[in-house]
Amino acid sequence: MSEKIPGWEAIFVGKDLEADLLKPLLMDNGIQAQVLSTQGRGFTLNAGNVLEDYTVFVPEEQADEARRVVSAFFQRY
């Protein structure tokens with residue numbers, strides 16, 4: 001998916017709006033989450049987020065539950 005963070009697993013890659021919606025959703029479900037971009041948000045302010053993907057990372061031990069939460073979210077919307 002994206003770069004690695006030791007002890008964390010990438011569960012989603014997409015646009016900033018989606019990633020920004022998923023982080024609080026995961027946290028509301030007791031799952032820690034971090035959002036990282038490949039270029040940095042400052043880059044997208046100048047070039048537009050068309051060129052940017054954002055990756056949502058969760059602790060490895062919470063990855064399966066996080067995928068269930070994300071899947072249920074996208075099935076509703």
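## Phe73 and the model

Phe73 is buried at a relative accessible area of 14% (buried is under 20%, exposed over 50%, partly exposed in between, with a 1.4 Å probe and protein chains only). The model is predicted, so local features need pLDDT of at least 70 and side-chain atom pairs pLDDT 80 or more, while totals for chains, interfaces and linings use all residues. Residues are numbered from 1 along each chain as its sequence is written, and side-chain values use heavy atoms, without hydrogens and water.

## Aromatic pairs

Two aromatic pairs are counted (ring centres of Phe, Tyr or the six-membered ring of Trp within 6.5 Å; stacked under 30 degrees between planes, edge-to-face over 60, otherwise tilted). Phe12 and Phe74 are stacked, at 5.8 Å between centres and 20° between planes. This pair joins strand S1 (residues 8-14) to helix H3 (residues 63-76), across 62 residues (DSSP runs numbered from the N terminus: helices are H or I of at least four residues, strands E of at least two).

Phe12 is buried at 11% relative accessibility, whereas Phe74 is partly exposed at 34%. Phe73 and Phe74 are edge-to-face because their planes lie at 75°, with centres 5.2 Å apart. Phe12, Phe73 and Phe74 make up one aromatic cluster.

The buried residues of H3 are Ala63, Ala66, Val69, Val70 and Phe73. Their arc around the axis is only 120°, so they lie on the same side of H3 (the arc is taken over directions from the helix axis to the C-beta atoms). Asp64, Arg68, Gln75 and Arg76 are exposed on the other side.
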